[in-house]
Amino acid sequence: MLFKQQALLRQKLFVLGSLAIGSLLYLVARVGSLDRLQPLCPIDGRFGPRGQDEIPLRALQFKRGLLHEFRKGNATKEQIRLHNLVQQLPKAIIIGVRKGGTRALLEMLNLHPAVVKASQEIHFFDNDENYAKGIEWYRKKMPFSYPHQITIEKSPAYFITEEVPERIYKMNSSIKLLIIVREPTTRAISDYTQVLEGKERKNKTYYKFEKLAIDPNTCEVNTKYKAVRTSIYTKHLERWLKYFPIEQFHIVDGDRLITEPLPELQLVEKFLNLPPRISQYNLYFNATRGFYCLRFNIVFNKCLAGSKGRIHPEVDSSVITKLRKFFHPFNQKFYQITGRTFNWP
Ligand code: A3P
């Protein structure tokens, strides 16, 4: 009996030992392979002469850890100075569109070792009060980063706010601009769902989507309704094009980012002149959430908050048809301007 128990214990110890050694070997192999990857390539000629931009990924990952510690208040000012960490103005901005998947895009881009995200929406360019505080105020809102990294922020209100293109142009006329779009009717319903949830949280009643989207007097689409106006992408884009050439924009397919994020992210990496570093390893489908979630490394992964991916209310099919018909010519123009065609009805 005792002999049997001892044998069982030995067997268990053997399995545990093998698992531990296996994990250790995997980690060593992985860190080794990360260091063998290509050096980072320049964005807008911002990287220094050859050699200066050859940062081993392990060093970048160490910096990430340090940034994290600093955010938690555990790293000292001395460490920040020693590691040459800086707060940089963004090299790229996700300017919209609200409910297009802006948070998912920012979080997924942040998987790239050369990208550092501004976690909060800063609302510098669309909010007059913030804008009056000046560019240094804006820079100080940026996260600490290594000089060779790029900072990205997202504030979806930028896309639809009149004054923003000129203000961004004044800060940096060669900035890269990302716009993530979804099928316009779905986006409008998503927009409505967010507002509805806010009202319900405050125990307030709200109109049905149908009532807001269709003008009861004319029975036509209500173009005064903000959720409808925001989905007329071409109208907003045309305002931006008075300041920036189309080459400075990249359009992300928000519907595809939901179902198949990697190819969309690879297009963004290319647009930002970043080496391809985000891989399938970093993205896994979480069946409970019904969305892709992020895997940073063997221990750290996360899904987006529950407020992303709400269940939309059912909308009358005749209203959906009317909206789709309404958006159709604007969509055609949008495809024409951007050179990116979607299968929107
Ligand atoms: P819904 O809530 O309508 O489903 P934004 O961040 O711009 O507010 O966009 C929110 C939308 O991002 C969500 O809209 C959701 O569909 C979409 N999304 C895309 N990828 C996602 C992901 N991996 N996890 C959660 N939501 C995601």
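Trainee: How many aromatic pairs does the count come to?

Mentor: This is a predicted model, and here rings of Phe, Tyr and Trp pair if their centres lie within 6.5 Å. By this rule the count of aromatic pairs comes to 26.

Trainee: Is the pair formed by the rings of Phe124 and Tyr131 stacked, tilted or edge-to-face?

Mentor: Planes under 30 degrees apart count as stacked and those over 60 as edge-to-face, with the rest taken as tilted. The ring centres of Phe124 and Tyr131 are 5.2 Å apart and their planes stand at 50°, so the pair is tilted.

Trainee: Does Phe124 count as buried or exposed?

Mentor: Buried means under 20% relative accessible area, whereas Tyr131, at 25% relative accessibility, counts as partly exposed. Phe124 has a relative accessibility of 1%, and therefore it counts as buried.

Trainee: Which charged end sits over the ring of Tyr131?

Mentor: Tyr131 belongs to one aromatic cluster together with Phe124, Phe125, Trp137, Tyr138 and Tyr158. Over the ring of Tyr131, 4.2 Å from its centre, sits the charged end of Arg167.

Trainee: Which are the edge strands of the open sheet of five strands?

Mentor: The open sheet has parallel pairing and the order E3-E5-E2-E6-E7, and its neighbouring strands are turned by 25° against each other on average, direction ignored. The strands that each pair on one side only are E3 (115-117) and E7 (249-253).

Trainee: Which residue in E5 is the bridge partner of Ala92?

Mentor: Strand E2 (residues 92-96) pairs with strand E5 (residues 150-154) in the parallel sense, over three bridges. In E5, the bridge partner of Ala92 is Ile152.

How values were computed: Residues numbered from 1 in each chain as written. Predicted model: local features only at pLDDT ≥ 70, side-chain atom pairs only at ≥ 80, totals over all residues. Heavy atoms only, no water. Phe/Tyr/Trp six-rings, centres within 6.5 Å; stacked < 30°, edge-to-face > 60°. Buried < 20%, exposed > 50% of the residue type's maximum accessible area, 1.4 Å probe, protein only. Lys NZ or Arg CZ within 6 Å of the ring centre and 35° of its normal. Pairing = 2+ DSSP bridges. Helix = DSSP H or I, 4+ residues; strand = E, 2+ residues; numbered from the N terminus. Axes fitted to C-alpha atoms, helices over the stretch in contact; angles between N-to-C directions.
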